[in-house]
Amino acid sequence: MLYWLILAPILVGVGYLTFGNAETKKWVIVAQTVIVFYASYLFYQVKNTGVIIDNLGGYPYPVAITLSANNLSMVLVWVTALLFLGLFFYGYATEYFNNYTGFLYLTLEALVIALLFTDDLFNIYVLLEVSTIVITLLLTFKKDKQAVYNSMMFLFVTVVSSTFWLFGTAMIYRTFGYLDMRILSEMITQVEDPRSLILPYAFLLTAVSVKIALFPLHGWLPRAYSTPSAPPMVPAVLSGIYETAGLYLFIRLNSMFSEVIQINTFLLILGFITSILAFVKAITENDLYTLLAYSTISQIGLIVIGLAIGTEDSFWGSIYHILSHSLFKSVLFLTAGELFRQYGTRYIPKIKGVMKTMPVTGFALIFGLLGLTGAPFFNGAISKNMIGSGIDSTFLYLLLNIVTLGTVVYSIKLATMLFGENKLSSEVKEKKDVPNLQQWTMLVFGILTILTGIFGQPLMEFLYDYSYEVTLGSQIQHALTYTILLVAGFLIYKGWRKKENVIDRIVGIEMSFNAVIRSMVLFFVAVVGYMYWLV
Amino acid sequence: MRVFKKYKFVKYLDGALVIIAAVAVLFLFLNHSEKQGTPLMDWFINHFFTETGSENAVTAVYLNFRVFDVIFEAMMLLVCVMEVINLSSRNKHIKENKLHSKREIDFPKGSKFLIMPFRWSFPAAVLLGLYFMMNGHLSPGGGFQGGAILTTALLSHYIVRPKLEFNLDKLEKFEQVIFMFIIIVPALYIFMDIFPIETILTNRIYLVVLNTLIGLKVFAGLTIIFNWFVFYEGADGEKLKRDAHEKEEEG
């Protein structure tokens, strides 16, 4: 009965759109709670009885559209439902939540759950297309010119990437005659000429890489996230939930082709470039949302590194990092939204004294930052340790620590907002903020980052039946490394500020729409060329 | 990259890139591709009549075997209608001034030469649209095509007499309610198998019902988009915007 988890949010959303008003808003939260309970029930079923498979319509296995829930996808669906519940609590009292946007969020939830469950390649294409339009609608909440340009760029880039996915699907269908991913993973090995798989894989990989904003296809993400008028829930949903679906597609695509095609070295290099380039841009960035957007790209690069390394530890580390990233990135984006609402600006140097004016938001921000940098006891630490444990070469381990260092530097930049004197106009100062539903929701998310960190190993076993041994010695070693990186980051931050303009001019290249499309074609040609030489 | 815009050679670079990509794709496609058979297509062709009662294989595929995709396609139309209205710059003025209901354009009385053929074609088009909608399972056609034909029937009405008869708000609500049924009907009949016995008769009733629902939804969606563009986005839309501005300045 997996399809009810997909159809129910759509029905609730359309019902709310047609018949909803201010009084019926609470029913959306009630409906979402029911959805979370149903997802929990399904999760227990998957945990006890194994994979749940739904052949829609009752038709035989490779012919029907299949929805399948294994432990990976079920946990991601469960977390998606929980995150949406939290976001609905957050948005309940704001002006952003009317029947129009409520419908859009519920539909987006259904689409993401469908993307996580479905096994059918063409179904994924349809879901990608619809989610593109829904997100574009969410981005143009207030129609100022910059918002329209950013959302149009997102729309066209994503539509082009969906076309790549369609081409890949068509080629696979031509070669194998099936559209179901599970049977394709079995049939992949029966190909006589492995080079016939180059084109489908390149097409599909380009499409997914645009979605997860892998270098050089990341140009659309900072623009989409930092739309001036988008309410903070939108980038929170995008980076916490939509990217999760993209990463899961990335994992499935690579595992489908893994018997014949392995381009892990290529992906490892791209992951490192993504991470490093993104944190350099984040450090020089002064707009709050854009900084967090680059931080998202950097963390996604880290996840791709973990997937490309290939050992079991680093794989599960990446999976756990997807979860922790959803949590702490949502905290950070929602906090950013609160700061923007209170201070009226997104320019970081102007925002100061957060701990005094908005202590609840301040604590949520601290928790988010500690999770992001991988402080001991926070969830980021466990996933980063696991990713790092799979690396043999010292050079790569050094690079990984450089990525953590970069993360620390821009986190310190964000942390400077917490202290200092609030130098803004007196009206802003007097807007004494009483902690409300929004702030408490953020704090709950923040506390979850520390809980999923302390109880990380038991949680990992509970969710995935995977146990990761951590000795006390390695924990102390990691804590020491963290402290050293923290100090080094602080010193670098102080020194960086003097050279900021120079570095910004070198690195501050924003990609236009033409550049993103150009890079998509370049990426495609590069993947094709590399695989032709390899296979 | 902003720096590239200055240089003309970027155009040639882009052209070269496209040619390289096309050559690579064609080369790999022609030299290194395989066909291992068409099991999915064979199964559909052999089983579509017995499983779905439809004589049209395409209808069987999109209304029965892969109806899960069609639910999202219908949603696509719904959100595209919202997108068109949302991105229109007239939207704010119109919604505030409650001009959503009745509109009439200054249009010279249509020529008799234009009116006469439409007098005949309008009922024929309506009948044809309904026929395609309901007979999609027996002949080429279906909900999407029938809905589009119904819309063209309505367009011809507007060419003759451009007066907005429909309240677009109500039409939007109608479309949304129909969409809810488009989700519920396949969920009950196909996914949950709510009918204990499935005969050709019940299958065909299901096909007719779902085709009609889809047809009505497509009709509603396309009519909204068309009406929006004709009455609010055209040249006359400028006048509307000016009127709205004047009202704001007065009030």
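Which residue lies over the face of Tyr532(A)?

**View 1. A charge over a ring.** Arg195(A) is the one, sitting 3.9 Å from the ring centre of Tyr532(A). A charge counts as over a ring if NZ of Lys or CZ of Arg is within 6 Å of the ring centre and within 35 degrees of the ring normal. Arg346(A) does this too, over the face of Phe340(A), at 5.9 Å from the ring centre. Keep in mind that this model is predicted: local features need pLDDT of at least 70, and side-chain atom pairs count only at pLDDT 80 or more. Residues are numbered from 1 along each chain, chains are lettered from A, and side-chain values use heavy atoms, with hydrogens and water left out.

**View 2. Phe154(A) meets Trp220(A).** Over all chains, a search finds 35 aromatic pairs (Phe, Tyr and Trp rings, the six-membered one for Trp, with centres within 6.5 Å; planes under 30 degrees apart are stacked, over 60 edge-to-face, the rest tilted). Here Phe154(A) and Trp220(A) make a tilted pair, 5.4 Å centre to centre with 50° between the planes. Phe154(A) is in helix H6 and Trp220(A) in helix H9, so the pair ties together parts 66 residues apart in sequence. Helices are DSSP runs (H or I, at least four residues), numbered from the N terminus.

**View 3. Tyr201(A) meets Phe257(A).** These ring centres are 5.0 Å apart with planes at 55°, so this pair is tilted. Tyr201(A) is buried at 1% relative accessible area, and Phe257(A) is buried at 0%.

**View 4. A cluster with two chains.** Ring pairs link Tyr3(A), Trp4(A), Phe68(B), Phe72(B) and Phe191(B).

Methods. Helices (H or I, at least four residues) and strands (E, at least two) are DSSP runs, numbered from the N terminus. Buried means under 20% relative accessible area, exposed over 50%, partly exposed in between (1.4 Å probe, protein chains only).
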